[in-house]
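Please look over the sequence and the structure before reading on.

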Amino acid sequence: MSVDGEPGGELLARVLLTRVIEPGDETGGRWVRELGVAEVARRLGEGGAPLPGASGTRWAGLVARAQAARPRRDLEAARDAGVRFVSPGDAEWPGQLDDLGDARPLGLWVRGRPSLRMWALRSVAVVGARACTEYGAHMAATLAAGLAEQGWVVVSGGAYGVDGAAHRGALGAGGATVAVLACGVDRPYPRGHTRLISRIAEQGLVIGELPPGDHPTPSRFILRNRVIAALTRGTVVVEAAHRSGSLVTARAAQRLGRHTMGVPGPATSGLSAGVHDLLRGEAALVTDVADVVEMVGDIGELAPDRRGPVLPRDLLEPATRQVLAALPGHGAARPDEIARSAQTAQDDAIARLYELRALGYVERHGDGWKLTRQAVMSVRGGRGPG
């Protein structure tokens with residue numbers, strides 16, 4: 001089908017090519033960059049000599065696809081389903097996707113009312129294992145809800161497990177979320193998430209590279225992940241085994257110069273092994289929303305200092321704490337022994353011992369001093385006396 005020179009020919013050519021060239025195909029992307037979409041569509045429609053980089057067999061397959069494509073029908077089906085097509089250069093196109101170079105999407109099918117470009121400016125990907133643990137689902141939902149409450153858009157892949165938990169966490173907080181699918185956005189996949197994806201489309205956005213009605217394949221899931229990585233400021237991997245597809249998203253984010261983060265899990269869990277590998281590399285360890293926002297947010301959005309609870313002995317003067325630390329864990333010690341251990345004068349040590357007795361830390365025992373039972377318990381359990 002020739003679309004060259006027709007009204008809307010550029011749009012029709014792009015829509016046609018979404019039926020012909022697979023997502024992430026850098027050879028096809030190079031053709032588009034060098035020749036333009038209309039010329040590539042024309043050559044495919046004519047079925048002439050193969051373009052550079054395509055074997056005869058592959059070119060024949062692409063030509064067959066092009067001749068079967070019906071871009072006007074796809075646009076009509078999309079309109080009927082409340083779906084629009086966004087092309088590079090459109091006002092709604094997220095410019096950060098251009099970082100993908102020749103692997104950039106030919107266009108995106110978008111379902112939902114908000115502006116994709118505006119939402120992508122302040123977005124974070126939360127991804128992970130499909131067969132996640134309760135811990136993984138809890139962490140994904142908690143992080144997503146917290147991010148949504150702070151005005152961040154949560155992006156994920158709409159899959160079972162961590163993806164679904166992240167979407168639900170954001171929706172439950174009344175926030176914004178985007179599902180990036182590896183199939184037509186009018187045909188939710190997995191089918192068990194039909195209601196969830198419909199809710200995302202009502203409250204957020206559902207996007208994908210493939211035209212209406214198209215189905216997912218294993219390779220399309222993997223290639224979809226580069227869009228998630230490029231669209232967002234950073235990617236958080238919650239749980240992932242060594243061969244998890246979410247690691248593909250994280251590595252794509254690293255290549256693109258985006259922030260890569262991982263949530264640690266039990267050392268005994270195979271579903272945390274892939275995350276731990278990331279953390280041994282350049283990924284940042286995050287445990288809550290504040291950690292994530294410190295990575296992806298603006299200058300000054302810092303996570304709070306991580307400190308344990310303030311204990312009563314923390315309020316003692318340093319010299320008094322030093323005398324307290326000089327007492328043995330069991331039995332009594334003479335004042336001169338305590339003074340030597342605390343590196344202070346005996347009179348000073350005695351004065352501080354009386355102060356510590358008034359606070360309930362020590363008691364006299366003949367000619368010596370010893371820790372009270374409460375003080376010994378506070379050292380072992382992290383509590384103050386009394």
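## Confidence of the model

The term pLDDT denotes the predictor's confidence in each residue, on a scale from 0 to 100. The model described here is a predicted one. Its mean pLDDT is 91, and 92% of the residues reach 70 or more.

Where pLDDT is low, the predicted coordinates should not be read in detail.

## Overall form

The protein contains 17 helices and 11 strands. Its radius of gyration is 31 Å, well over the 21 Å that the globule rule gives for 386 residues, so the protein is more spread out than a compact globule. The C-alpha trace spans about 105 × 40 × 35 Å along the principal axes.

Among contacts in the protein with a separation of 6 or more, 69% are accounted for by residues 24 or more positions apart.

## Surface, burial and charge

Of the 386 residues, 51% count as buried. The accessible surface of the protein comes to about 17,900 Å², and carbon and sulfur atoms hold 51% of that area.

The protein carries 46 positive and 42 negative side chains. The centres of these two sets lie 4 Å apart.

Helix 12 covers residues 270-280. Which of its residues are buried? They are Ser272, Ala273, Gly274, Val275, His276 and Leu278. The cover over the buried residues of helix 12 includes strand 7 (234-237), helix 11 (245-255) and strand 8 (259-262).

## Two backbone details

Most residues other than glycine have a negative phi, and most peptide bonds are trans. Two places in the model depart from these patterns, and each is described in turn.

The peptide bond from Tyr189 to Pro190 is cis, with omega near 0°. Pro190 belongs to the loop between strand 5 (177-181) and helix 9 (194-203).

Gln343 is a residue other than glycine with a positive phi, near 55°. Its place is in the loop that runs between helix 15 (335-342) and helix 16 (346-358). Is Gln343 buried or exposed? Residues over 50% relative accessible area count as exposed; Gln343, at 70% relative accessibility, therefore counts as exposed.

Conventions:
Residues are numbered from 1 along each chain as its sequence is written. This is a predicted model: local features need pLDDT of at least 70, side-chain atom pairs count only at pLDDT 80 or more; totals for chains, interfaces and linings use all residues. Side-chain values use heavy atoms; hydrogens and water are left out. Helices (H or I, at least four residues) and strands (E, at least two) are DSSP runs, numbered from the N terminus. The radius of gyration is taken over C-alpha atoms; the globule rule is 2.2 Å times the number of residues to the power 0.38. Buried means under 20% relative accessible area, exposed over 50%, partly exposed in between (1.4 Å probe, protein chains only). Contact means heavy atoms within 4.5 Å. Accessible areas come from the Shrake-Rupley method with a 1.4 Å probe; for residues, only the protein chains shown count as cover. Lys and Arg count as positive and Asp and Glu as negative; His and the chain ends are not counted. The place of a charge is taken as NZ of Lys, CZ of Arg, CG of Asp or CD of Glu.
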